[in-house]
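User: I would like to learn how to read the packing and pairing in a model like this one. Could you take me through it feature by feature?

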Amino acid sequence: MHRLLSFASLYSPMSTNGNVIDVHDVHKTFKKRIKALQGVDLQVGAGEIFGLLGPNGAGKSTLVKILMTVVRPDRISGTFLGNSVGSKQPLARVGYLPEHHNFPGYLTGLQVIEFSGAMCRLTKRERRTNARRLLDRVGMTRWGSSRLNSYSKGMLQRVGLAQALVNDPKVVLLDEPTDGVDPVGRREIRDLLLELRDEGHTIFLNSHLLSELEMVCDRVAIMVQGRVSMQGTIEELTRDSRRHEVRCIGPCPDWITALPDATAECLEDECRISIPTDDVEAIQPIIDRLRKEGRSITRVHAVRESPEDLFMRAVVDESGTIAAPGAEIKPRRGSGGDAP
Ligand SMILES: Nc1ncnc2c1ncn2[C@@H]1O[C@H](COP(=O)(O)OP(=O)(O)OP(=O)(O)O)[C@@H](O)[C@H]1O
Ligand SMILES: [Mg+2]
């Protein structure tokens, strides 16, 4: 009884606010010293593709494993598909592709998908039909009867993705789905994710491939050392960085420094002027003045932070230090062991 009570107190449900995943204050420490998650707050809306980014050891897979009830959090509140996190109830409506999955090599692609269907309690007929349809969807029909130990890494990922879809899940959790997949395969997976979203599935994606996330995700979160440091659309997260660049022949004009926040940089025989505005009208007086001075303008373009810049901004702290993988609790001096 006491055990039940203490377990329940870990998982306090909250209102879902229409979100499929709505978790707050998630904490997990491994071996009393590795702080994998340190108060994560994260919301994923129904029908969106959500990308979770972060450096190695940031805690991305741990969060997914907590949602799948594979890892038990130290503390969490919130819901997953309307149920308290930790409940097995929503799992029948969830598809999961684990990171570094290790399905037995003696099984064929078809068998892996059918096995996954059996775990979701599909009938034999449903398993058969779904497995064949999904093999086709991930471009693996030709290899369906071959054993996994003859597959390449990309082929394993494709079958892994197919097994995650066998129960026609409402939410699909994909941990590095394009790991080891070639560019053509990555594009096919990207198209498949967009199709799945259009069919009404919610997709939660862990990935390191920034450009890929930009192409496919409706919203992203960046996790660093067990905390979500940014969350929103790429457009929202890069809005403040938007500016215009004007390039002209010749040295940099002196008057640029008098403009608020504008900067000028001398390149070989050009000057690059950067103006912190996304309003093209606001830069017209600068262009007019340059023309009046008889300068040739070689380029005018709008610039914004790339996903890589955004990522670096999230992982590099004010002192310029890059966040190290995982956060460890340092042993106290003289304690001779792990800190409590
Ligand atoms: N079972 C475990 N036992 C001990 N430490 C663990 C365990 N699982 C994860 N960790 C640690 O927790 C931290 C977060 O790991 P996690 O796998 O969640 O990171 P990640 O963001 O998925 O990293 P990657 O991008 O490399 O996949 C790391 O420091 C990792 O070493
Ligand atoms: Mg991981």
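**Reading the helices and the sheet**

Analyst: Let us start with a pair of helices: helix 3 and helix 5 are roughly parallel to each other (angles under 35 degrees count as roughly parallel, over 145 as roughly antiparallel, 65 to 115 as roughly perpendicular and the rest as oblique). Helices (H or I, at least four residues) and strands (E, at least two) are DSSP runs, numbered from the N terminus. This is a predicted model, in which local features need pLDDT of at least 70, side-chain atom pairs count only at pLDDT 80 or more, and totals for chains, interfaces and linings use all residues. Residues are numbered from 1 along each chain as its sequence is written, while chains are lettered from A and ligands numbered from 1 in the order in which they are written.

User: At what angle do helix 3 and helix 5 pack, and how far apart are their axes?

Analyst: Two packed helices are described by the angle between their axes and the distance between the axes. Here helix 3 (residues 109–119) and helix 5 (residues 153–164) make an angle of about 25 degrees, and their axes are 8 Å apart. Axes are lines fitted to C-alpha atoms, for helices over the stretch in contact, and angles run from 0 to 180 degrees between N-to-C directions.

User: Which residues of helix 3 and helix 5 meet?

Analyst: From helix 3 come Gly 109, Val 112, Ile 113 and Ser 116, which meet Val 159, Ala 162 and Gln 163 of helix 5. Contact requires C-beta atoms, placed from the backbone, within 7 Å. By type, the residues of this contact are 4 nonpolar, 3 polar and no charged (Ala, Val, Leu, Ile, Met, Phe, Trp, Tyr, Cys and Pro count as nonpolar, Asp, Glu, Lys and Arg as charged, and the others, Gly among them, as polar).

User: Now the strands, please. Which way do the residues of strand 4 point?

Analyst: In a regular strand the side chains alternate between the two faces of the sheet. In strand 4, Ile 49, Gly 51 and Leu 53 point one way, Phe 50 and Leu 52 point the other way, and all are buried. A residue is buried if 20 or more other C-beta atoms lie within 10 Å of its own, exposed if 12 or fewer, and partly exposed in between.

User: What is the strand order of the open sheet?

Analyst: The 6 strands run in the order 7-8-9-4-10-11, with mixed pairing. Strand 7 (94–97) and strand 11 (227–232) are at the edges with a single partner strand each, so one side of each has no neighbour in the sheet. Two strands pair if DSSP finds at least two bridges between them. Strand 4 pairs in the parallel sense with strand 9 (residues 202–206) over 4 bridges, and Ile 49 has Ile 203 as its bridge partner. Strand 10 and strand 11 pair in the antiparallel sense over 5 bridges, with Met 223 opposite Val 228. Helix 2 packs on the sheet, touching strand 4, strand 8, strand 9 and strand 10.

User: Why is helix 2 described as largely enclosed?

Analyst: Because 8 of the 8 residues of helix 2 (residues 60–67) are buried, it is largely enclosed by the rest of the structure.

User: And how should I read backbone phi?

Analyst: Most residues other than glycine have a negative phi. Leu 81 has a positive phi near 50 degrees, in the loop between strand 5 (75–80) and strand 6 (83–84). Glu 176 also has a positive phi, of about 55 degrees, and lies in the loop between strand 8 (171–175) and helix 6 (183–198).

Key. Contact = placed C-beta atoms within 7 Å.
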